[in-house]
Amino acid sequence: MHVPFDPHLLRSAGPLQALDARCKVLGFAALIVCSVSVPRERWQPAAAFLAAAALLLLLARLPWGPLLKRLLLLLPILAAVALVVPLSKAWAGADRVALWPDGPLVPRPALLVAWNVSAKALTGTVLALVLAGTTGAPALLDAFSRLRFPRHLLLIASFIHRYTATLVEELERMRRARDARGWRGRWLWHTPVLGRMLGTLFLRSYERGERVWLAMLARGWNGRFYSSPPRPLAPHDLAFVGWMLAAGLALRFAWGL
Amino acid sequence: MAMRIRMVRGAGRARMHIPDGFLSRDVCLATGAASLAVCALASWRARATLGERQVPLLGMTGAFVFAAQMLNFPVAGGTSGHFLGAALCAALLGPLSACLVLALVLGIQCLLFADGGLTALGANVFNMGVVAGVGGWGILRVLTAVLPARRGVFLGAAFVAAWSSVVAGSAACAVEIALSGTIELRLVLPAMLGVHALIGVGEALITVAVLGTVLGVRPDLVGAWRGPAAAEAA
């Protein structure tokens with residue numbers, strides 16, 4: 001079990017890494033929303049957004065290995081959609097096109113739906129990966145607190161983020177111990193073993209939470225996380241949001257409403 | 001909806017929530033508004049009633065759900081499903097806190113792991129937090145109110161609630177995909193229900209085993225338990 005946490009992705013090189021996290025959140029969100037709102041009757045806008053996402057991916061200079069691994073996980077669900085969409089009865093009267101010369105005939109609108117769904121899923125995933133990979137979790141959480149996200153929720157979120165890796169490692173140790181005792185889970189009725197493992201994990205993690213909490217209080221914690229204030233917003237941070245929004249709207253409406 | 005089918009043992013992990021592009025604008029907006037309303041209520045309640053001591057409990061439960069979702073259980077032969085934890089969360093924390101924790105977990109998965117689309121976040125929170133979490137809690141609550149407050153009965157009710165929560169969540173997911181015009185309901189609903197009826201059994205077995213373990217050691221942590229041990233602990 002491997003925690004696909006962002007530190008593996010994060011690299012300090014690249015122009016995107018230097019931008020303000022708040023502006024990156026807003027800019028990427030704008031681009032994703034524009035890309036998803038493209039109507040499914042056309043193929044060009046989705047392709048254009050995919051190209052824009054690829055461009056940002058190149059700018060981000062993230063390591064390719066983990067990135068490709070993450071993107072490959074999308075393949076099964078996209079393949080399932082591509083196979084199932086043409087089966088719908090809704091395309092009964094639609095004109096059909098061959099997938100390749102002398103290939104199978106597929107209803108044109110079904111092809112467009114499958115293409116749009118796949119392209120948008122890929123675009124959204126790439127953009128989210130670039131955002132997380134060039135920003136990192138602490139900066140993202142900090143950005144949300146500066147964007148006035150409710151503080152007590154952010155507190156819970158930062159607890160979740162902090163302890164997930166610890167718990168996954170604990171779970172991994174338990175799994176190794178289980179496998180060392182010859183467990184082979186093949187059938188559904190082997191599942192309660194995992195349940196007891198998770199029950200123990202829950203108790204351990206809850207008690208760890210209590211201990212951590214008391215330790216935090218003992219150190220004078222007053223309900224606030226302090227982080228060094230980010231550098232003041234520079235013109236290029238705001239320009240980035242403007243560019244992303246402009247690019248999103250331009251690509252969205254370039255082929256009509 | 002988390003859906004994970006592993007064809008070959010040892011193949012890569014494919015935990016998957018609804019990505020971007022699968023849902024239409026109207027479905028995104030409707031589910032987003034519903035999720036936002038429930039989460040706003042839960043957030044308001046959390047701020048009003050929970051002491052700051054609850055922060056580590058909610059945070060740790062969230063981290064636990066996050067970690068537990070990485071554990072996959074065998075379904076049959078070589079295929080496996082993975083744990084969701086919505087009904088378990090609801091049994092431990094109550095419906096609103098559970099919904100809040102699940103929403104935060106989904107938000108982190110979406111933003112930090114690109115798992116589940118940003119525009120589909122509302123739908124994912126709706127399926128897992130509102131339908132599976134709050135719905136699972138409702139079933140558990142009704143069953144425990146009707147049936148005698150005994151440990152075995154409670155665990156049986158938790159089994160039913162956990163199975164139903166997974167199946168209901170997957171049904172909601174199928175309906176959303178169909179309403180968006182992506183895949184017809186007659187195709188997507190049986191597929192989702194078929195897979196998740198099996199995954200739900202694994203989910204229910206794990207939920208029952210976890211609740212049994214926790215009830216044995218710290219019954220005060222199981223919010224939905226109204227049996228004799230809770231009175232003793234209090």
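Buried area is the accessible area, taken with a 1.4 Å probe, that two parts lose on being put together, summed over both. This is a predicted model, in which local features need pLDDT of at least 70 and side-chain atom pairs count only at pLDDT 80 or more, while totals for chains, interfaces and linings use all residues. Residues are numbered from 1 along each chain as its sequence is written, chains are lettered from A and ligands numbered from 1 in the order in which they are written, and side-chain values use heavy atoms, with hydrogens and water left out.

**Stop 1: chains A and B together**

Colour chain A and chain B separately. Between them an area of about 6,600 Å² is buried, and carbon and sulfur atoms give 76% of that area. Now select A:I160, A:L188 and A:F202: these supply 11% of the area that chain A buries against chain B, more than any other three residues. The contact (heavy atoms within 4.5 Å) takes 71 residues from chain A and 71 residues from chain B.

Which interactions cross between the chains? The rule finds 11 residue pairs in polar contact across this interface, both residues at pLDDT 80 or more. A polar contact is a pair of N or O atoms within 3.5 Å; within protein, one must be able to donate a hydrogen and the other to accept it, and residues adjacent in sequence count only if both atoms are side-chain atoms.

Next, select the helices of chain A that give two or more residues to the side touching chain B: α1 (21-36), α4 (75-84), α5 (108-135), α6 (137-146), α7 (151-180) and α8 (191-218). Helices here are DSSP runs of H or I with at least four residues, strands are runs of E with at least two, and both are numbered from the N terminus. The largest share of this side of chain A, 18 residues, comes from α8(A). By class, the side has 46 nonpolar, 15 polar and 10 charged residues. In that count Ala, Val, Leu, Ile, Met, Phe, Trp, Tyr, Cys and Pro are nonpolar, Asp, Glu, Lys and Arg are charged, and the others, Gly among them, are polar.

**Stop 2: B:R218**

Select B:R218, in the loop between α7 (185-217) and α8 (228-233) of chain B. Is B:R218 buried or exposed? B:R218 counts as buried because its relative accessibility is 18%, where buried means under 20% relative accessible area, exposed over 50%, and partly exposed in between (1.4 Å probe, protein chains only).

Show what surrounds this residue. Leaving aside neighbours within four places in sequence, B:R218 is in contact with A:L203, A:Y206, A:E207 and A:E210. The side chains of B:R218 and A:E210 form a salt bridge, at 3.5 Å from N to O. A salt bridge is a side-chain nitrogen of Lys or Arg within 4 Å of a carboxyl oxygen of Asp or Glu. The rule finds two salt bridges across the interface of chain A and chain B. With A:E207, the side chain of B:R218 makes a polar contact of 3.4 Å.

**Stop 3: salt bridges in chain A**

How many salt bridges does a search of the whole structure find over all chains? The search finds 13. Select A:R146 and A:D142, whose side chains meet in a salt bridge of 3.0 Å, N to O. Both lie in helix α6 of chain A, four residues apart, about one turn of the helix. A:R146 is partly exposed, at 30% relative accessible area, whereas A:D142 is buried, at 18%.

Move on to A:D179 and A:R178, another salt bridge, with the closest N and O atoms 3.1 Å apart. A:D179 is partly exposed, with a relative accessible area of 40%, and A:R178 counts as buried at 13%. Then select A:E170, A:R173, A:R204 and A:R208, which are joined into one network by salt bridges that share partners.

**Stop 4: two loop residues**

Select A:R61, in the loop between α2 (44-60) and α3 (64-72) of chain A. A:R61 is not a glycine, yet has a positive phi of about 50 degrees.

Switch to B:A114, in the loop between α4 (95-113) and α5 (121-146) of chain B. B:A114 is not a glycine either, and has a positive phi of about 55 degrees. B:A114 counts as buried because its relative accessibility is 5%.

**Stop 5: cysteines**

Finally, select A:C23 and A:C34. A:C23 is buried, with a relative accessible area of 4%, and A:C34 is buried, with 9%.
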